[in-house]
Amino acid sequence: MEIIQLKNISKIYDGKLVLDKIDKTFVQGQSVAFVGHNGCGKSTLLKIIAKLVTATSGEVVYNKPLLFHYIPEKFSPVSITARQYLIYMGALDGLGKVESKERIESLGKDFFITDLLDTAMRSLSKGTLQKVVVLQALLKTPDVLLLDEPLSGQDMASQKVFINKINQLREQGVTIFMSCHEKRLIEAIAEDVYTFRNGSLTEYNYKIQKMYLMILENAKQLPLMDEMKKYGQYYSLKIDQNESDQILPELIQKGWKLRGLYDEEDK
């Protein structure tokens, strides 16, 4: 059953066309991953689908009223405990106090944070805060779940629990959209993978893409991309073959100097 339709969606940020006339229909229970370099439009389209961000032009159509839950990449803690926050968010979803408390206890055990539920959120680590947001999203089963780099800061045991929980939701007919770099998560959850080419949404065969390692010199002390890592006196950046023709010219234009480009399997 069709659940969400994107009609001619375009988005302009700071004078740059990020999304260009996207037409796409998604069905109930579909699990979709958006991949690509930072700034290509992954998170933007995720938020437009949920109407958290307004498209510059075009329309998002739902076949019925939908309950969305959203796990952001970054979360700013509030001045209450994790348990207080979760009880409050459960109430917004219409959960009674007894049901909400039972769900919080159960999920807290699943994600190994029972002992931290009564800790002030401002005192929690990034990884633990991310788990709290995951718990909030799982308190009540949504129609649509949005995941924006959901494994950020998560330990391996929690990652396994998370993947199992998401796949259980898929079996219940929940529609999943995620913006993600994690190959393991994409392969475990997504049935359809898309990337962006000049603002257009394009099918992406993730499993067969070759990865390249770029070695770059930051001669002008430019801001680093999130994926860049120190590589001796230079910086390294992993990209897939479909992105190299777009990213490399952009970096050189900004002032980066290419010092090497290798097949990742050779490094």
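Predicted model: local features only at pLDDT ≥ 70, side-chain atom pairs only at ≥ 80, totals over all residues.
Q: Which way do the side chains of strand 7 point?

A: In a regular strand, side chains alternate between the two faces of the sheet. Here Thr 175, Phe 177 and Ser 179 point one way, while Ile 176 and Met 178 point the other way. Residues of both sets are buried.

Q: In what sense does strand 7 pair with strand 3, and over how many bridges?

A: The pairing with strand 3, residues 31-34, is parallel and runs over four bridges. Within strand 7, Ile 176 is the residue opposite Ser 31.

Q: How many bridges link strand 6 and strand 7?

A: Strand 6, residues 144-148, pairs with strand 7 over five bridges, in the parallel sense. Asp 148 has Ser 179 of strand 7 as its bridge partner. Between strand 6 and strand 7 the chain passes through helix 5, residues 156-171, and this β-α-β crossover is right-handed.

Q: Where is Lys 131 placed, and is Lys 131 buried or exposed?

A: Lys 131 lies in helix 4, residues 126-138. A residue counts as buried under 20% relative accessible area. Lys 131 has 8% relative accessibility and therefore counts as buried.

Q: Which residues does Lys 131 touch?

A: Leaving aside residues up to four places away in sequence, Lys 131 touches Phe 111, Phe 112, Ile 113, Gln 154, Asp 155 and Ser 158.

Technical notes:
Residues numbered from 1 in each chain as written. Heavy atoms only, no water. Buried < 20%, exposed > 50% of the residue type's maximum accessible area, 1.4 Å probe, protein only. Helix = DSSP H or I, 4+ residues; strand = E, 2+ residues; numbered from the N terminus. Pairing = 2+ DSSP bridges. Right-handed = clockwise from strand over helix to strand, strands pointing away. Contact = heavy atoms within 4.5 Å.
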